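Dear colleague,

Please find the structure below. The findings follow directly after it.

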Amino acid sequence: MSAAPASELGQPSPGPEAPRQELPWLELSQITVPGRGRPRLDRVSLAIGGGERVALLGPSGAGKSSLLAVANGLLRPASGSLRWLGTPPARSGRARRRQQARIGTLWQDLRLIEELSVQQNLNSARLAAWGWPRALLNLLWPLDTAANRDALAQVDLGAELLDQPVSALSGGQRQRVAIARLLRQDPDLLLADEPLASLDPRLAAELLQLLLNQVTPRRALLLSLHRPDLLAGFDRAIGLRHGQVLFDQPTRTIGPADLEALYGGEQPDSGP
């Protein structure tokens, strides 16, 4: 099942009533990842369906980044199982790349290629679909300018940036280019690893709304969030502590006692 075209994406629905599909977009069952002293993930199970906006909460070292690395296939667990849209990860390289092309990840460090142009960075999202001949041609002669222009417009950036190297952009522009790259990939599952952690409150709120707006009945979002005060746009929150799921519940039911138990007396970041 493919995601809806980016041009059809609209505003998010009010919250907990987002539709859920019977087939989970992402399913983790009894996932364990070893660590020093204690497991980074300890028998973690969760399922996320199409149309869901799910926040991942927890103190530093809780295992949030490890969970996202397992979810996108970069980290292989010691035990447990992973399924994407009902299918376990393929063993062969080509089939595995096709599966992972349906998963888009926004990292905190963005992982843009500084020396390349914005257009070439946006096209990097299409490499799994293109194959090597077309990918190499893109380095010499950037392709799909119209699609890239449309992706930039959706994150409120102008087409004049297409030929600019990423190194020439401001921090806010880079964040938006990284989201535009996700739009070019057109994934079914969006994963984001604390993408708002280093941003000022205004920019954090704007970029969070951009990410929430990408969710449709055919697309799901799992976002690691360092600020519980930004939960309002999410349907569900998963609290992770010491590598274990402490709670998994609708955001409207989360109260001070839940956050106190999750952070264990630590003060969660609530912005300046």
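Strand β1 (residues 24-33) pairs with β4 in the antiparallel sense over five bridges; strands are DSSP runs (E, at least two residues), numbered from the N terminus, and two strands pair if DSSP finds at least two bridges between them. Within this pairing, Glu-27 has Arg-83 of β4 as its bridge partner. The model is predicted, so to speak of local features pLDDT of at least 70 is needed, side-chain atom pairs count only at pLDDT 80 or more, and totals for chains, interfaces and linings use all residues. Residues are numbered from 1 along each chain as its sequence is written, and side-chain values use heavy atoms, with hydrogens and water left out.

β1 also runs antiparallel to β2, to which six bridges join it; here Pro-24 is partnered by Gly-49 of β2.

The three strands form an open antiparallel sheet in the order β2-β1-β4. β2 (41-49) and β4 (79-84) each have a single partner strand, so one side of each lacks a neighbour in the sheet. The twist averages 10° from one strand to the next (axes fitted to C-alpha atoms, angles from 0 to 180 degrees between N-to-C directions).

The largest pocket has a volume of about 590 Å³, the space filled by probe spheres set on grid points joined across faces, edges and corners. A pocket is an open set of points on a 1 Å grid over the protein atoms alone, where a 1.4 Å probe fits, with protein on both sides within 12 Å along at least five of seven lines; lining residues have an atom within 4 Å of a point. Of its 20 lining residues, Gln-100, Ile-103, Thr-105, Trp-107 and Gln-185 are the closest to the centre.

Terms used
Helix = DSSP H or I, 4+ residues; strand = E, 2+ residues; numbered from the N terminus.
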